[in-house]
Amino acid sequence: MSKKTENSAYIRLFATAAFTPLAMAFVEKAAVGLKLGQTEAMSLTLATEEIFSYLCRIATSDQPVEIHCSSGGYYVRADFLFPSDDFNMRAFNLTATVSFDDEASLEEMGLLIASRAVERFYISEEKGKRLRLSLIKEKAYPETITAEIPEVKPFRDFSIRRPDSDALKLFALLVKHHYQGQIIPCSFNYPGKVADMVDGGEYQAVLAISPGGEVGGGIIWRWAGLKTMECFGPYTFNQAPDSPMSNNLLDACLGYIARTHAVGLINRFPTNDLPVKYFETLGALTIFGSREQSSSVTAYFRQMQEDAGTSVWSSPELEQFLQGEYGRLFLPRKILPVMDHGEMKAPFSVLSAEFDRSQDMVTLRAIRAGTDAYRNLSGHMSLFSRESIHNVFFEMDLGLPWQAEFTPALLKSAFKPMLVLPYAGQGDIIVFQLFRKL
Amino acid sequence: MKTVSLQNLIPEYIKQFEAYIPSKPDDVLKDLFGCRHLFRLNNNENPLGPTAAAQAVIREFPPPRASVYPSGDAFHLRCRLAEKLGLHPDQILVGNGANEVITFVIKAFCQEGDNIITADKTFAVYEWVAEFSGFQARLVPLKDFMFDDEAMLGQIDEKTKIIFICNPNNPTGTYWNEERLRHFLDTVNGRQIVVVDEAYFEFVEEDDFPDGIRLIKEYPNLVVFRTFSKMYALAGLRIGYLAGDLEVVDIIRRTCVVYSVNVLAQEAALASVDDQEHITKTRKLVSEGRRLITRELDNLGLPVVSGQGNYMMIKLPMSDTLAYRRLMSYGVMVRTMTGFRFPNYIRLTISIRQAMEAFVEALSKILN
């Protein structure tokens with residue numbers, strides 16, 4: 001084992017059952033060392049046991065597995081990295097060993113059990129044919145305590161600043177006090193978590209501060225994919241309707257993002273303070289709740305760079321939708337058709353499911369195409385139904401032609417194309433949403 | 001196939017950096033955006049083209065000479081520039097565009113832990129070269145669209161090696177007059193190298209605009225950049241230069257890649273140096289174009305930031321990146337300013353009347 005930085009540690013060991021206790025002990029000690037509470041560290045350790053045991057079962061030979069533990073401030077993440085060639089890829093479908101008529105079989109499924117023990121879980125494939133299986137366990141925070149919220153009066157003068165931890169916690173309290181509903185990220189229930197999210201670097205924020213140090217508003221943002229940022233807000237508190245605060249907050253946010261390699265900024269939960277003239281309307285998603293209720297949220301988007309134009313791969317069923325969206329958004333794209341000419345295809349597909357249980361949401365992504373796409377999707381739908389997940393999305397990368405092969409199966413499974421996210425993957429990403437009752 | 005452990009090989013500061021992707025060639029862009037013509041108003045090029053003498057050099061260049069290396073240090077061009085500017089030839093270094101001489105200076109003076117200072121909203125290459133070389137770029141916000149001298153002085157510490165000033169500033173067109181530049185140099189007092197980038201020097205007609213090269217005698221820590229890409233319209237050949245104190249340039253020369261400037265660029269530049277008429281004609285075109293655009297944008301109720309140089313910034317009531325795509329569909333290419341940290345602004349190159357009218361017409365359409 002070696003320590004890479006003060007915020008991470010890794011171990012490399014063979015995927016054999018004899019090392020399962022070692023893998024568990026490493027993750028537990030690393031998690032505690034990275035400031036995860038004992039209870040949460042134990043959950044991550046149990047998830048590790050499931051994952052490592054599962055890898056031992058499906059490995060085709062004794063192969064090294066690297067386990068990396070790192071701190072994201074408000075969470076600890078455990079990544080399992082291993083060469084995909086040496087494992088039975090089909091086994092990475094969450095549904096691989098499940099018979100939905102057989103509860104015992106369901107319980108045997110290590111990946112699913114692991115996913116239940118953490119807040120976020122997903123599989124991705126790295127260049128060089130390595131699979132990365134990621135578990136994210138968040139720290140436990142006390143909910144907002146009933147504190148006296150300071151009254152904010154309209155500011156005559158303010159500056160936009162990077163906040164310290166105390167200002168951020170106050171900001172989170174003020175957001176909860178002044179706003180309601182889905183436009184507030186769940187994390188704002190926990191002011192300490194918001195402070196850690198920014199301190200850990202996963203989120204960034206700027207606040208509007210008066211000369212006397214009061215907080216009048218703010219905006220917060222994070223990466224949402226390889227090339228796209230997502231922002232929440234701007235939130236302002238009791239400011240005059242003609243106050244430039246929202247614009248100034250957004251200008252500052254854009255100024256910071258402009259220094260990164262982000263090509264786009266998305267806002268999926270806009271407040272009334274969002275200066276919409278900075279954005280384009282990307283489309284709307286429907287958010288389903290547990291009691292049959294649903295609401296529609298408009299996604300706003302802006303590019304950060306000049307669009308140089310590109311080509312996208314699409315199956316014929318999607319071409320009309322794409323032409324409509326690209327025309328509406330003035331995006332220069334050449335749509336290249338992906339067609340079945342009867343060539344040999346792999347029999348089994350592989351899907352990665354990214355669970356975000358705090359948002360009642362799962363996002364599917366394709367890792368391998370195969371002729372069983374419809375059956376595989378159906379299996380996943382049944383599984384999500386059992387897991388009481390109400391919002392299911394599928395992200396298809398239009399820069400990878402083989403992913404287009406999922407289109408017929410998706411449409412047959414009641415998924416609908418909803419949004420196109422320019423350059424969010426190897427090419428544009430199209431977001432499908434499931435509209436069938438689970 | 002063997003794999004490469006790239007993650008272990010890449011320096012941290014390179015991992016943080018993303019490659020700049022230049023725009024595609026005209027034929028590809030026209031195809032993608034479905035336009036029949038394309039007015040490139042994004043790179044501050046001179047629509048009049050190279051001087052007549054430079055055009056003759058290019059036209060008459062004997063193809064067999066392409067097989068022979070050029071002068072490794074642009075000897076004749078340096079001698080001619082030195083004569084014109086009142087310098088010794090060794091006080092001048094010629095590079096493959098001004099971008100290359102930025103690299104020379106940073107490599108010559110910065111080592112691990114050092115920093116450079118410049119503005120947050122200016123020509124981005126100073127910042128890029130520093131950061132992908134592993135040095136910190138301290139970015140000082142503009143004040144009233146202008147370099148903020150006091151704030152920049154406040155950022156200096158013992159690790160600061162170079163201060164970059166773009167005069168006039170690209171993209172705002174603001175400038176420091178001679179008094180302000182002298183005051184800044186007096187305060188720096190030789191502790192850092194001060195680079196004044198005068199890429200748009202020949203466009204400026206204001207009496208109080210400083211000629212940086214004239215100040216080198218008094219301030220040996222001053223290095224001045226100039227280019228043949230803008231006024232002299234040799235952007236496609238890539239040639240620019242720096243001038244400075246003999247001792248300073250001798251240090252910079254140690255990091256200089258010889259033979260990086262091709263023979264045609266050197267000879268076309270040499271032919272351009274004395275053409276004052278070309279400068280007069282270009283200034284007239286820019287002045288007329290600026291007047292036309294200012295009037296039309298005033299009619300559209302759009303605020304402009306317009307100063308020196310052959311460009312101006314326009315604030316739009318919409319996303320600049322959306323405006324870019326929509327203008328492209330009408331065959332007009334501008335520079336979006338989000339990357340310069342001016343969201344919803346575009347920068348327009350002032351060009352010939354036909355291009356300016358096409359821009360105004362397309363802009364009116366997209367705003368309606």
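How many residues does helix α1 of chain A have, and how far does the helix reach from its first C-alpha to its last? Select residues 20-33 of chain A: α1 has 14 residues and reaches 20 Å, close to the 20 Å expected at 1.5 Å a residue. The expected span is 1.5 Å times one less than the number of residues. Helices (H or I, at least four residues) and strands (E, at least two) are DSSP runs, numbered from the N terminus.

This is a predicted model, in which local features need pLDDT of at least 70, side-chain atom pairs count only at pLDDT 80 or more, and totals for chains, interfaces and linings use all residues. Residues are numbered from 1 along each chain as its sequence is written, and chains are lettered from A in the order in which they are written.

Next, pick out Ala23(A), Phe26(A), Val27(A), Ala30(A) and Ala31(A), which are buried (20 or more other C-beta atoms, placed from the backbone, within 10 Å of the residue's own). They lie on the same side of α1(A), because they cover an arc of only 120° around the axis, taken from the directions from the helix axis to the C-beta atoms. Show β2 (8-14), α2 (38-58), β3 (64-71) and β4 (75-83) of chain A, which are among what covers these buried residues. After α1(A), stop at Lys35(A), whose phi is positive, near 80°.

Now turn to chain B. The contact (C-beta atoms, placed from the backbone, within 7 Å) takes 22 residues from chain A and 23 residues from chain B. On chain A, select α7 (245-257) and β13 (294-303), the elements that give two or more residues to this side.

Notes
A residue is buried if 20 or more other C-beta atoms lie within 10 Å of its own, exposed if 12 or fewer, and partly exposed in between; C-beta atoms are placed from the backbone. Two residues are in contact if their C-beta atoms, placed from the backbone, lie within 7 Å.
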